Amino acid sequence: MIPRVTWKQALAWRMQRQLLDPIGTLPVAGVVRRLCGVQSQVASSAELAVRVRRATSRPGEVGRALSEGRLIKTWAMRGTLHLLTPEEGGAFLSLMASGRSWERPSWQRYFGVTPKQIEALRHAAREALDGTVLTRDELVAAVTAWRGLGHVGEALRSGWGTLLKPLAWQGDICFGPSRGGRVTFNRPEGASSRWAGVPDPEEAAPLAILAYLSAYGPATIEAFGAWMAGGWFGTRRLRTWFEGLGDRIAEVNVEGQRAYVRAEDLDELASAKPSSAIRLLPGFDQYVLGPGTADVHVVPSARRTAVSKQSGWIAAVVVAGGVVRGTWELDGRQVRVSWFDEAGRVPARALQSEIRRLSAILDREVTIDVTSRAVSIDRPPPPASGSPSAS
């Protein structure tokens, strides 16, 4: 018989596993490891995502972890920048590389680069970065000097880094320390002596899936695929990976939805008590990104556009009992909270407690301003005067 749990139990268990209730004591790299990476295209959000999960923390601790090789920064899940641990990060990169996106005809036509040229680019980048750290311009100059790669310079200079992502996923390149405000690149083994390499996908899949379930379970196969690569993987391949885990995972029934957890977590999940914790989480937080903004149990469907904004921006959120109940932004010394009115009474005392904790993290006193926000209904614009539909 498949065990049954409620969504309140499931979300409370996720809060506990993600060091949000109670707040954790793991070191910086331990937090990143627990979350299977921290999205980091906004450095301040990434640092705050780590610090809100630590009972005590210091400014700049993520930067120190990078400089000491306890973390690396590279393009990872969904092609976005992440902080990863060098010991485990290669497993996630391996699955991204297994999608072989650069071999698709549409990709080749758009960038004008063949798989053979990608292999040449890999070789050129690895040689250029051997024992050194280069800025983007220095790296571009080095690789475009190679025969057959002169035409890729413009694409390599793009801040999106699309041509460099296949290299990152195969463990050829990662980010180095900033130099005068400019990004630099390194090889992972140069960035960290702890770098464990990129395993074969069949070896990496169980490592990545079990790590994901340990933080974001109960979860479906589709949720893992969307988190990893935004739908690049076919369902058959994902199912094969999950089936290969055998009795290391277990199926649960969460209010009618079938989902998976690590078998070792079943008892703890079944005994979880609903959480009443209020947490202010930064933009691009893993609590939202792990299950994805389409998970209506975390982000109510009517509020998805308030959380997932244009150009891929993910808002800072207020989480109450494991559910997103509002958004917030920092305006100078004031935290402006937009509380979703359907969430009921504003938990003023709990929010004040979180504000005090945020003040300690930011090392300056901040105040709070709360407004209720009704659900907005998107309506089509009125037809233009004189148009056929205006009559």
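Colleague: With which side chain does the side chain of E88 make a polar contact?

Modeller: The partner is the side chain of T85, at 2.5 Å. A polar contact is a pair of N or O atoms within 3.5 Å; within protein, one must be able to donate a hydrogen and the other to accept it, and residues adjacent in sequence count only if both atoms are side-chain atoms. This is a predicted model, in which local features need pLDDT of at least 70 and side-chain atom pairs count only at pLDDT 80 or more, while totals for chains, interfaces and linings use all residues. Residues are numbered from 1 along each chain as its sequence is written, and side-chain values use heavy atoms, with hydrogens and water left out.

Colleague: Where is E88 placed?

Modeller: E88 sits in the loop between β4 and α5 (89-98). Helices (H or I, at least four residues) and strands (E, at least two) are DSSP runs, numbered from the N terminus. The C-alpha atoms of E88 and V198 are 9.0 Å apart, although 110 residues separate the two along the chain.

Colleague: Is E88 buried, partly exposed or exposed?

Modeller: Buried means under 20% relative accessible area, exposed over 50%, and partly exposed in between (1.4 Å probe, protein chains only). With a relative accessible area of 33%, E88 is partly exposed.

Colleague: How is R303 read on that scale?

Modeller: R303 has a relative accessible area of 2%, so it is buried. Its place is the loop between α16 (286-289) and α17 (304-307). The side chains of R303 and E342 are joined by a polar contact of 2.7 Å. Contact in general means heavy atoms within 4.5 Å. Not counting residues up to four places away in sequence, R303 touches F340, D341, E342, R373, A374 and V375.

Colleague: How many residues of helix α3 are buried?

Modeller: Seven of the nine residues in α3 (residues 43-51) are buried, and the helix is mostly covered. The buried residues are S45, A46, E47, L48, A49, V50 and R51. Their cover includes the helices α2 (28-34), α4 (61-67) and α18 (348-362), together with the strands β2 (38-39), β4 (81-84) and β12 (323-331).

Colleague: How do I read the packing of two helices, and at what angle do α13 and α14 pack?

Modeller: Two packed helices are described by the angle between their axes and the distance between the axes. Axes are lines fitted to C-alpha atoms, for helices over the stretch in contact, and angles run from 0 to 180 degrees between N-to-C directions. Helix α13 (residues 221-229) packs against helix α14 (residues 235-243) at about 115°, with axes 10 Å apart. Angles under 35 degrees count as roughly parallel, over 145 as roughly antiparallel, 65 to 115 as roughly perpendicular and the rest as oblique. The pair α13 and α14 is therefore roughly perpendicular. The residues in contact are I221, E222, F224 and G225 of α13 with L238, R239 and F242 of α14.

Colleague: At what angle do α1 and α12 pack?

Modeller: Their angle is about 110°, and the axes are 7 Å apart. These two helices are therefore also roughly perpendicular to each other. W13, R14 and R17 of α1 meet L213, S214, A215 and Y216 of α12.

Colleague: What does the side chain of R14 reach?

Modeller: The side chain of R14 reaches the backbone oxygen of P218 at 3.0 Å. R14 lies in helix α1 and is buried, with a relative accessible area of 2%. Leaving out residues up to four places away in sequence, R14 touches residues including W7, Y287, P291, D295 and V298.

Colleague: Which peptide bond at P218 is cis?

Modeller: The bond from G217 to P218 is cis, with omega near -10°. P218 is in the loop between α12 (201-216) and α13. Another cis peptide bond joins D21 and P22, with omega about 5°; P22 belongs to the loop between α1 (7-17) and α2.

Colleague: Which residues other than glycine have a positive phi?

Modeller: Among them are E255, with phi about 50°, and D363, with phi near 60°. E255 is in the loop between β8 (249-254) and β9 (257-262) and is exposed, with a relative accessible area of 55%. D363 is in the loop between α18 and β14 (367-373); at 66% relative accessibility, D363 counts as exposed.
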